[in-house]
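This briefing covers a predicted model.

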Amino acid sequence: MRLNLREIIHVPGAGVSFDFPLDLTEEEFYGEHPITKPVHVKGTVKNIADVLVLEGQATSVLDYTCDRCMGGFSREKVVRLSYLLAEELEGEEDGDIVLLDDGEIDVGDLAYTAFILDMDTKHLCSEDCKGLCSGCGANLNVEPCRCKKQADPRWAALEQLLNKN
């Protein structure tokens, strides 16, 4: 979504609001598509003492598969947007300032980049998720392990004596 800021560039105290959905459902992360609902982008661009400040947030509910127990879960994701905007740079280039393109800024691109870069690489349904048993595959959050306990081979002779009695 391109936002025209020409009217507020030289008007201190002026502002422009934005509120739009951003479709990222086709984006793939590690073989999954966790963004199943549109990302809601909302915020404002304000002229504060001849400095344009973009502030807002991008929110959505993401559907994940837990990396430990393979169970599905949903979690809300909120990404803060905060940028300084300028028509041109004076002196050295600064990576924290976003340049306007003929008085306009593409808020959709800024929100897309911020949301994608803030995606987690590890997904856990809870911090204390016990995961799956490596032997029987039981989800240890739901049921106990079904594996037969393996006896220590050093005690095998004693176990045979106990089984005879």
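Contact here means heavy atoms within 4.5 Å. In the predicted model, helix 1 (residues 107-117) lies across strand 2, strand 3 (39-48), strand 4 (51-65), strand 5 and strand 6. The helix runs at about 130° to strand 5.

- Five strands form an open sheet in the order 2-3-4-5-6, and the pairing is mixed.
- Strand 2 (15-22) and strand 6 (97-99) are the edge strands, each pairing on one side only.
- On average, neighbouring strands of this sheet are turned by 30° against each other, with direction ignored.
- In general, strands of a sheet pair through backbone hydrogen bonds, in either a parallel or an antiparallel way.

**Strand 4 with strand 5**

- The pairing of strand 4 and strand 5 is antiparallel and extends over 14 bridges.
- Within this pairing, Leu-62 stands opposite Arg-75 in strand 5.
- The two strands make a hairpin with six residues between them.
- Met-70, in the turn of that hairpin, has a positive phi of about 65°.

**Strand 5 with strand 6**

- Strand 5 (residues 72-86) and strand 6 run parallel and are joined by three bridges.
- Leu-84 has Ile-97 in strand 6 as its bridge partner.
- Leu-85 stands opposite Val-98 in strand 6.

**Nonpolar core**

- The largest nonpolar core consists of 36 residues.
- Leu-5, Val-41, Val-45, Leu-85, Ile-105 and Phe-115 have the most contacts inside this core.
- Strand 2, strand 3, strand 4, strand 5 and helix 1 are the elements that give two or more residues to the core.
- Leaving out residues up to four places away in sequence, Leu-5 touches Val-16, Val-45, Leu-52, Leu-85, Leu-100, Gly-103 and Ile-105.
- Leu-85 therefore meets the 4.5 Å contact cut-off with Leu-5, and Leu-85 is also listed among the core residues with the most contacts.

**Largest pocket**

- The largest pocket has a volume of about 300 Å³.
- Its lining comprises 15 residues.
- Asp-50, Leu-85, Ala-86, Glu-87 and Glu-88 are the lining residues that lie nearest the pocket centre.
- Strand 4 and strand 5 each supply at least two residues of this lining.
- Strand 5 gives the most to the lining, with three residues.

**Leu-85 across topics**

- Leu-85 pairs opposite Val-98, has a place among the most-contacted core residues, and lies among the lining residues nearest the centre of the largest pocket.

Key
Residues numbered from 1 in each chain as written. Predicted model: local features only at pLDDT ≥ 70, side-chain atom pairs only at ≥ 80, totals over all residues. Heavy atoms only, no water. Pairing = 2+ DSSP bridges. Helix = DSSP H or I, 4+ residues; strand = E, 2+ residues; numbered from the N terminus. Axes fitted to C-alpha atoms, helices over the stretch in contact; angles between N-to-C directions. Core = buried A, V, L, I, M, F, W, Y, C linked by side-chain atoms within 4.5 Å. Buried < 20%, exposed > 50% of the residue type's maximum accessible area, 1.4 Å probe, protein only. 1 Å grid on protein atoms, 1.4 Å probe; cavity = no way out; pocket = protein on both sides within 12 Å on 5 of 7 lines; lining within 4 Å. Points joined across faces, edges and corners; volume = space filled by probe spheres on them.
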